[in-house]
Amino acid sequence: MNTIKEEKHLSFIQKIGYGIGDAGSNLSWTFIASFILIYCTDTLGISSAVVGTLLLISKVLDGISDVFMGRIIDATHSKMGKARFWYFISGFPVAAFTYFLFSVPGSFDQNTKYVYVFVIYTLIGAVFYTMNNIAYSSLTALCTKNQKDRVEMGSYRSLFAIIAVLILSSVTSGLVENFGGGQHGWSMVALIYSIISLILLEIPVLAVKELPAEELGDGQQGKEDKVGFLAAMVLLCKNKYFLMILGLYLVMYLAGGITGGMGIYFATYQLGNPALLGTLSFASLIPIMAALPFVAKLTAKYGIRNVCIVGHAVGVLGAILIILGGIKGNFPLVMSGFILKALGSAPQSGATNALIAEVDEYSYLKFGHRLTGTIYSCSSVGLKVGTGLGTALCGYLLALGGYDGTAANQTVMAISTINWSYLLAQALLPILSIVLFYFLKVEKDNRSLRGKQVNERK
């Protein structure tokens, strides 16, 4: 006779402790994604197009390593669990290589600078950050089976990520100048961020623990260890929802890569003050912080998919206001658009991790195999490939517009390219996300599959 076990809930402190890790992650990766291009063009004096190409090549390699790391996590058995062990050890090199990336020796010639940036960027992205991010994301599914807990973990994660991004966008340019600017300024700022990042990255290790495999598999030993790499790849390709969630991440970070990469240029050359990047960030992130506490209740009542579709519809309206405000030079209209767009993206920010857990559950219910680490690799693949594509596009667009990082003044063409690239990219995420979420009916399919299994047991 089957008995239904009550799902264990995580405490408030555990969810907060888990979420803090994303602040550490963003002090590394978002710092890199937002400032590596302007560091290379304006401090190292190297070509934006060449840097963009190198970063894109690196991200292709990075995307391949993500899937391998997911499989390694699935096959891991340690006293700390599958993912927690890898998350713990990876925090140290993530922090160290963030510092190394912004500390290019001044004695290097131009070609050596290209090689240095490519190698360090690839090591942190394809190896260490891959290990860290996939393990961190996988903990959402491995620490609890309760969907509300998973949404709240994602919400706290997003909350602390936003705090880190706001700090980065508000103080980085000023800190670099306070430390004397140039190479010394960037190295000192990178050192500070790296130390803080390491401390914050290790907090989730103390906050949460993974559930036993038997509990994750509803009392049955999971079958993930019996699946070889090629068989796992076949299962991923058969899982339509994995492909859709991967698409969501690619869209999210492609748009973020363009707006993040162009943001500092937009604030510097269009708004005339790089510090205004912080103002734009506040307008695009504070509303998410305000909305995140309501995401778990809304998704529990209406479903993750439905709430996200409505949210992104609001985001489309916000993007329209941003573009119109940018064309007319109406800054209050631009800010209003950012607020609306941010409110619309809050459901996806808070609930995506829980949605990936549903995709993993679909794999278990449909194909009989739980591939948690491999499926969660979509978050890392999307993040890094999407960001890499976005950053590369920024480099190409800057080169196309004739941007010269060493020039005292930029041409009208260069500034126009910066403006239009930044403004139009605002509409990418909400429009394409609505299309993907429309077909992402994994919650409904999981309920149907569970009901079918219950009927078969009777």
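Which residue forms a salt bridge with K148, and how far apart are the closest N and O atoms? In this predicted model, the partner of K148 is E152, and the closest N and O atoms of the pair are 2.7 Å apart. Both residues belong to helix 5, where they are four residues apart, about one turn of the helix. The spacing can be read against helix geometry: an α-helix has 3.6 residues a turn, so residues three or four places apart point the same way. K148 has a relative accessibility of 39% and therefore counts as partly exposed. E152, by contrast, is buried, with a relative accessible area of 16%; the assignment follows because buried means under 20% relative accessible area.

E152 also takes part in a salt bridge with K15, for which the closest N and O atoms are 2.4 Å apart. K15 is buried, its relative accessible area being 9%. The structure holds eight salt bridges. A further one is formed by the side chains of R450 and E358, with an N to O distance of 4.0 Å. R450 is part of helix 16 (residues 442-457) and E358 is part of helix 12 (residues 331-367), so this pair ties together parts that are 92 residues apart in sequence. The two partners fall into separate accessibility classes: R450 counts as partly exposed at 33% relative accessibility, whereas E358 is buried, with a relative accessible area of 8%. Salt bridges that share partners join K15, K148, D149 and E152 into one network.

Helix 5 also contains S169. The relative accessible area of S169 is 8%, and this residue is therefore buried. The C-alpha atom of S169 is separated by 8.5 Å from that of S34, although the two residues are 135 residues apart along the chain.

Y438 counts as partly exposed, at 47% relative accessibility. The ring of Y438 is also approached by a charge: the charged end of K441 sits over this ring, 5.6 Å from its centre. A second contact of a charged residue with a ring involves R370, which lies over the face of Y364 at 4.1 Å from the ring centre. Elsewhere, ring pairs link F31, F35, Y39, F102, W186 and Y193 into a cluster.

On the surface, V60, I64, F68, F229 and L230 form a nonpolar patch, and together these residues have about 490 Å² of accessible area. Helix 2 (48-75) and helix 8 (229-238) each supply at least two residues of the patch. The greatest contribution comes from helix 2, which gives three residues. V60 is found in helix 2, while F229 is found in helix 8. F229 has a relative accessible area of 30% and is partly exposed. The C-alpha atoms of F229 and R71 are separated by 7.0 Å, the two residues being 158 residues apart along the chain.

Helix 8 was then considered by its faces. The buried residues in this helix are A232, M233, L235 and L236. Viewed down the axis of helix 8, the buried residues fall within an arc of 160°, so they line one face of the helix. The face turned away from this buried side carries the exposed residues L230 and C237.

Definitions and conventions
Residues are numbered from 1 along each chain as its sequence is written. This is a predicted model: local features need pLDDT of at least 70, side-chain atom pairs count only at pLDDT 80 or more; totals for chains, interfaces and linings use all residues. Side-chain values use heavy atoms; hydrogens and water are left out. Patches are made of residues with over 30% relative accessible area and no salt bridge: like charges are joined within 9 Å, nonpolar side chains (Val, Leu, Ile, Met, Phe, Trp, Tyr) within 5 Å. Accessible areas come from the Shrake-Rupley method with a 1.4 Å probe; for residues, only the protein chains shown count as cover. Buried means under 20% relative accessible area, exposed over 50%, partly exposed in between (1.4 Å probe, protein chains only). The arc is that of the directions from the helix axis to the C-beta atoms. Rings of Phe, Tyr and Trp (its six-membered ring) pair if their centres lie within 6.5 Å; planes under 30 degrees apart count as stacked, over 60 as edge-to-face and the rest as tilted. A charge sits over a ring if NZ of Lys or CZ of Arg is within 6 Å of the ring centre and within 35 degrees of the ring normal.
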